[in-house]
Amino acid sequence: DLVRSRGLGDVYKRQLLNREFLRALGLAIIIIGAPLGMYMNYFISNSSWSNILMLMGVLLIVSYRNLFEFKFPSYSKAFLGVIVFHLICFLSMQFTENFRYIHFHFFALALMIALMSTRINKLLNIDLIVRTVWILSLICSFLFLFCIITGIYAAQMRSLFAYQDGTNILEPITMANVCSMNIISSFLVRARNNWEKYVIATAIILDFYCIFHTGKRSFFFIGFMSLFFYIWKYKLWSKIISLNGVMFIIALVVGVSIVFFQNKEINEMATRMWERFINGINDMVTGSDTSGGSAVARYEQRQMIVDYISTNFQWYNYLFGSGYFTFWSDLPYLQCYLDFGIYGFCTFMYYVFFLPLKTLWKVSTKNYMLICAAFICMPSTLQVFNSMHPYNYSNWTQVGFLLFVMANQKRITKLLKNSKKTIYGRKN
């Protein structure tokens, strides 16, 4: 009987580990699903793979038993706040009759319910989620490199600028976005040996190279700021100024300089990107036109929103806004205020901007789970002032992951303490 009970225990443990692997896979697919689906649309078939993958991710996460029994072990007031916000967005659509992004809100609601229905068990290692995100995003980065080498990317961009009809499958913002996520996950993933360290370092260089080809300044900024936050959080300055660190930096600078000065095309692209980055800041503030259309467009959008508010807002509009998607802007922090007033601004900025930064600031470096969850939010956090709109799926998938980890944090800490383990899941 004792042998049989131990055998059953081993079977249960394997089943639990399988469920945790599928849950980790589901979370990674949700974080990386859109860009991965874009590449599948191009290389396999244009069959809405992004939607299929995102749905698959939710189905892998959800605990069907808890859902049928109406149990939500990961419920928190923070989850409720997100659900209420998206329900208000959905209801506001009925009055504005703007249903363009209704699928984003349905997905966000389904994701929050799925995350609340499940929980992190003590056998789940956060490494599994981070490593899966890293592998999937690295696959996307290699596919991007393949597109650059073979000329596919250049052909797609020529078609994009020539027709601008939305028929292009490969989209530069999405391609750059997944590269920035691979940079972040490369910082977070734990190398098992020296070979993996070299792969991780190579992946980061590859990601910056690919972002460089898109010319997207925001994602270069995200990559460098994430690197800065990581060095600051883990106090790695001493390692950087060590002999090995200095030698690596010198070798990197020399290598980049050789490529920069020897390759005329890269030289011109790098110079143009730097000038556009510096001039773009001035354009967004003053409205001058020195860096291209996108920065000037943001200045004009800001002026449109300010003018609309000053001429059309009544007292109640300042509290609750003028309705869902009054008009488009690439300024999420102003878009949510225009649409939903003080309520929308505070809700969006708290979840997408302040909560990840506050978590990153306060959490101990020993708390690997929360460190990872906060860093995963950085692409959305660092774009709240200049890119996309507040209802975009990526904002709420990353926030959902952070809320899920936070909701399970106290319970996991207690479980690990009882099993005489640290927050890393290792024995003391």
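Let me start with helix 9 (residues 194-214) and helix 10 (residues 217-233), whose axes come within 9 Å and cross at roughly 160°, where axes are lines fitted to C-alpha atoms over the stretch in contact and angles run from 0 to 180 degrees between N-to-C directions. Helix 9 and helix 10 are therefore roughly antiparallel to each other, a label for angles over 145 degrees. In the contact, defined by heavy atoms within 4.5 Å, Phe208, Ile211 and Phe212 of helix 9 meet Phe219, Phe220, Gly223 and Phe224 of helix 10. The residues of this contact divide into six nonpolar, one polar and no charged, with Gly counted as polar and Phe and Ile as nonpolar.

This is a predicted model, in which local features need pLDDT of at least 70 and side-chain atom pairs count only at pLDDT 80 or more, while totals for chains, interfaces and linings use all residues. Residues are numbered from 1 along each chain as its sequence is written, and side-chain values use heavy atoms, with hydrogens and water left out.

Turning to a second pair, helix 2 (residues 49-61) and helix 5 (residues 102-117) pack at about 20° with their axes 8 Å apart, and they are therefore roughly parallel to each other, the label for angles under 35 degrees. Here Met54, Val58 and Ile61 of helix 2 meet Phe107, Ala110, Leu111, Ala114 and Leu115 of helix 5, a contact that divides into eight nonpolar, no polar and no charged residues.

As for the whole chain, there are 19 helices and zero strands, these being DSSP runs (H or I, at least four residues, for helices; E, at least two, for strands).

Key. Parallel < 35°, antiparallel > 145°, perpendicular 65-115°, else oblique.
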